[in-house]
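The sequence and structure are shown below.

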Amino acid sequence: MDSLPRPELVEFKGSWSTHYYIENWENIQNFQARPDDVLIVTYPKAGSTWVSYILDLLYFGQSTPKNPRFHPIQARVPTLEICFPEYSGGGSTTHRGTEQLDKVVTSPRLIRSHLPVGSVPKSFFEQNCKIVYVARNGKDSVVSYFHFDRMTRIQPEPGDWNSYLHRFMEGKMVHGSWYDHVTSWWEKKPTYSNLHLMFYEDLVEDTGREIEKLCSFLGLSPSVEEMEVLKGTVQFDNMKQDRVVDHSGFPWMDNKISPFIRKGKVGDWKNHFTVAQNEEFEEDYKKKMKNSTVKFRTEPVSG
Ligand code: A3P
C-alpha cells in the first residue's frame with residue numbers, strides 16, 4: 001500500500017473532502033438509523049478512537065463470539081462515511097461504512113462519524129438517537145491532524161507545518177472547517193436533548209468523571225470493579241500498546257512516521273506553534289469564534 005496515491009482535497013457541498021468520503025454519499029444520506037443506535041461524532045483528532053473504545057467496553061466489555069475482543073476498533077465501531085480500500089487482502093475491494101453497519105449483529109450499534117451536523121443522515125434525528133460529540137481545542141487538533149496526515153496515505157499530502165496551519169485556519173481540511181464543526185454541533189444542543197457534549201481536555205483531566213457522565217447519559221451503570229478495569233484499559237499508555245486501537249492493521253498508515261496513538265496531551269501545540277503563528281491564530285480565532293459560546297482549554301490543568 002506504499003504505492004496508494006494520496007487523494008486530492010476537493011470542494012464538496014460548500015466544504016472540503018476527498019473521494020473517500022464522497023463516493024458513497026447517497027447511501028450515507030439515506031442511511032436508516034435505529035432508535036437504539038449510538039452515534040459518536042468528532043472533528044478529526046478529538047479523541048474519537050478513545051471515546052469509541054470507552055463505549056465499546058461499556059456496552060460489550062466481555063468478549064462474545066459475535067463480537068470478539070481482538071477485532072480492531074474500526075470494525076467494532078464502524079465509521080459511517082468511509083469508503084476505503086479494504087483493510088486486508090491487497091486493497092482490491094472497497095470497504096463502505098454503510099454496508100459494514102448493515103452487517104453489525106450486536107446491539108446497540110455504535111457508530112463513529114466526523115460529519116458536520118448538517119450532513120448527518122436525518123434518520124438519526126428522526127429516531128432520536130443518542131449522540132455523543134467530543135470537542136478538542138483547535139490548536140491541539142491541528143497539531144494532531146498534521147501528524148496524522150503525515151502518517152496516512154488515505155489523506156492528502158500535508159505539506160509543511162506553516163502552510164498546513166494556514167490551511168486549517170481557512171477551513172480547507174478533510175471534513176471541513178474545525179470552527180464550523182465545533183460551533184454548529186454546540187448550537188445543536190438546545191434543540192436536541194439527546195446530545196451529550198464533552199471535551200477531550202476534560203477526559204484527559206479526569207477520565208473517570210467523564211465516563212460517569214457518559215454512563216448517566218447512556219443509562220448505563222457499571223460496577224465499581226468494572227469501572228476500575230475500564231479506566232485502566234483506556235489509559236493512554238495502555239491504549240498505545242493495544243492492538244485493538246493502535247491502527248497497526250491499516251496498510252496505508254505508518255506508525256513509524258508518527259504513531260496513531262501519539263502523545264495524548266493538552267498543550268502539545270506549544271511544541272509546534274511559533275510565537276508569531278500563535279498570535280496570528282489567536283487574532284483569527286477571536287473573529288471566527290466571536291458569536292459562539294463554546295470555550296476551550298488549551299493548557300493542561302497543572303500548567
Ligand atoms: P495526539 O495526536 O495529540 O496524541 P482520533 O481518535 O479522533 O483520531 O484522535 C486521536 C487523538 O486522540 C491523538 O492525539 C491520540 O493520541 C489521542 N488519544 C487516543 N487515545 C488516548 C488516550 N487514551 N488518552 C489521551 N489521548 C488519547
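Y164 is buried, at 0% relative accessibility; buried means under 20% relative accessible area, exposed over 50% and partly exposed in between, with a 1.4 Å probe and protein chains only. The model is predicted: local features need pLDDT of at least 70, side-chain atom pairs count only at pLDDT 80 or more, and totals for chains, interfaces and linings use all residues. Residues are numbered from 1 along each chain as its sequence is written, and side-chain values use heavy atoms, with hydrogens and water left out.

The buried residues of helix α8 are W161, Y164, L165, R167, F168 and M169. Helices (H or I, at least four residues) and strands (E, at least two) are DSSP runs, numbered from the N terminus. An α-helix has 3.6 residues a turn, so residues three or four places apart point the same way. The cover over the buried residues of α8 includes α7, α9 (178–188) and α14 (275–288), where contact means heavy atoms within 4.5 Å. At the start of α8, a side-chain oxygen of D160 comes within 3.1 Å of the backbone nitrogen of N162. Just after α8, G171 has a positive phi of about 80°.

The whole structure holds 28 aromatic pairs. Rings of Phe, Tyr and Trp (its six-membered ring) pair if their centres lie within 6.5 Å; planes under 30 degrees apart count as stacked, over 60 as edge-to-face and the rest as tilted. Two of these pairs are tabulated.

| Pair | Centre to centre | Angle between planes | Class |
|---|---|---|---|
| Y21 and F84 | 5.8 Å | 75° | edge-to-face |
| Y145 and Y164 | 6.4 Å | 85° | edge-to-face |

Because Y21 lies in helix α1 (residues 19–22) and F84 in strand β4 (residues 83–85), their pair ties together parts 63 residues apart in sequence. Both Y21 and F84 are buried. The pair of Y145, in helix α7 (residues 138–151), and Y164, in helix α8 (residues 161–170), links distant parts of the chain, 19 residues apart. Y145 is buried as well, with a relative accessible area of 1%.

Around the ligand there are 18 residues, the closest being S48, T49, S144, K263 and G264; a residue counts as near if one of its heavy atoms lies within 4 Å. A polar backbone atom of S48 is 2.7 Å from a ligand oxygen atom, and a polar side-chain atom of T49 lies 2.6 Å from an oxygen atom of the ligand.

How values were computed: Polar contact = N/O pair within 3.5 Å; in protein donor to acceptor, adjacent residues only side chain to side chain.
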